[in-house]
Amino acid sequence: MPGSSPRVKAPAVSQRNRKRLIDAIWVGVVIVVMLLVFAYCSQDSGDGVAVDQADAQAVAADLARASAVHGICYGWQLLDSTTPVSSGSNLGVGVRVTDSPEQCPRFFEVRGEYHYYPDSSDSEDYAQYTIVSNTGRRSTRIDPAGLERLGVGANRLLGDPAAVILDAAEALPLLAQEAGAAEGPVPEPSVTGTPLPVEEGGSDFLRDRWVLLVISGSFLLAAAGTVVLGLVVSRMLDKLDKPEKPEQRKKPGKTGQCDASDPNSRVDRPLRRRRRRGRGD
């Protein structure tokens, strides 16, 4: 329409920037949610269980002395469910009694199996013992309940698998002697005992996953800051994208100036008075 000002269109660049900003916010939110889910559902296999090498070597030396007296090989194996964690015998650390049938025609091996489930799981943590032997006689088999009597039962294995499996291996020569499978005295073990673990207070979830929680919290704060910044920038872009209003035309007679051609104007009043005086004269 004539007389109307053209409408100013919002620049395409501003719309693209706004879309990119919204996409970045959504990506940040998705990353934070994924990290929180991972922190809640993640499972730390074995909770970092590791057998002390010095203690393991001392136990292997003790088993070697007992094996020399009894003529029987003794060993151990620790499993996190089905994943091997540690093994050893009188032949050395990392060498199982089943690895060398020539050197170990008769053997006893204690196998400790455990597993820790995440707090989000309905399953309970467990630990159990199995004592494997190739003696062939039922009368010389060792009952795993004897480990409970010696203070290295399944409950202790669940509390500290790495240390307790070595204590269970140390108990094998004594249990073999009690079962009648071994003859001769049991050599005194080395002083390598491990104290009972002190129970830690607080939640396992916070203690085991605090690093992931800190990272997730940092991303959450960053996402919140990005959202606030996005809202501020979006409002600024909205103000810049609004079309400018055309200037209103000034109407005559409202500027405070008098028009000389207007018959009602006061500019020519003195002239009219002079003309009237001239006629009277």
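Five strands make up an open sheet with mixed pairing, in the order 3-2-1-4-5; two strands pair if DSSP finds at least two bridges between them. Strand 3 (92–93) and strand 5 (126–133) are the edge strands, each pairing on one side only. Strands (E, at least two residues) and helices (H or I, at least four) are DSSP runs, numbered from the N terminus. This is a predicted model, in which local features need pLDDT of at least 70 and side-chain atom pairs count only at pLDDT 80 or more, while totals for chains, interfaces and linings use all residues. Residues are numbered from 1 along each chain as its sequence is written, and side-chain values use heavy atoms, with hydrogens and water left out.

**Strand 1 and its partners**

- Strand 1 (residues 73–80) runs parallel to strand 4 (residues 107–115), and eight bridges join the two.
- Tyr74 stands opposite Phe108 in strand 4.
- With strand 2 the pairing of strand 1 is antiparallel, over six bridges, and Gly75 stands opposite Ser89 in strand 2.
- Eight of the eight residues of strand 1 are buried, so the strand is largely enclosed by the rest of the structure; buried means under 20% relative accessible area, exposed over 50%, and partly exposed in between (1.4 Å probe, protein chains only).
- Both faces of strand 1 are covered, with Cys73, Gly75, Gln77 and Leu79 buried on one side and Tyr74, Trp76, Leu78 and Asp80 buried on the other.

- Ser81 lies in the loop between strand 1 and strand 2, a hairpin with two residues between the strands.
- Most residues other than glycine have a negative phi.
- Ser81 has a positive phi of about 65° although it is not a glycine.
- With a relative accessible area of 24%, Ser81 is partly exposed.

**Helix 2**

- Helix 2 (residues 53–70) lies across strand 1, strand 2 (83–89) and strand 3, at about 145° to strand 1; axes are lines fitted to C-alpha atoms, for helices over the stretch in contact, and angles run from 0 to 180 degrees between N-to-C directions.
- The 18 residues of helix 2 should span 26 Å at 1.5 Å a residue, and its end C-alpha atoms are 25 Å apart, which agrees; the expected span is 1.5 Å times one less than the number of residues.
- The buried residues of helix 2 pack against strand 1, strand 2, strand 3 and helix 5; among them are Ala58, Ala60 and Ser67.
- Ser67 counts as buried at 12% relative accessibility.
- Not counting residues up to four places away in sequence, Ser67 touches Ile72, Cys73, Tyr74 and Asn90, where contact means heavy atoms within 4.5 Å.

**Helix 5**

- Helix 5 (residues 161–178) lies across strand 1, strand 4 and strand 5, running at about 150° to strand 1.
- Of its 18 residues, 14 are buried, and helix 5 is mostly covered.
- Helix 5 bends by about 35° at Leu172, and Pro173 follows within four residues; the bend is the angle between axes fitted to the seven residues ending at a residue and the seven starting there.
- Gly180, with a positive phi near 85°, follows helix 5.

**Where the two helices meet**

- Helix 2 and helix 5 pack at an angle of about 10°, with their axes 9 Å apart.
- The two helices, helix 2 and helix 5, are therefore roughly parallel to each other; angles under 35 degrees count as roughly parallel, over 145 as roughly antiparallel, 65 to 115 as roughly perpendicular and the rest as oblique.
- Asp55, Ala56, Val59, Asp62, Leu63, Ala66 and His70 in helix 2 meet Leu166, Ala169, Glu170 and Pro173 in helix 5.
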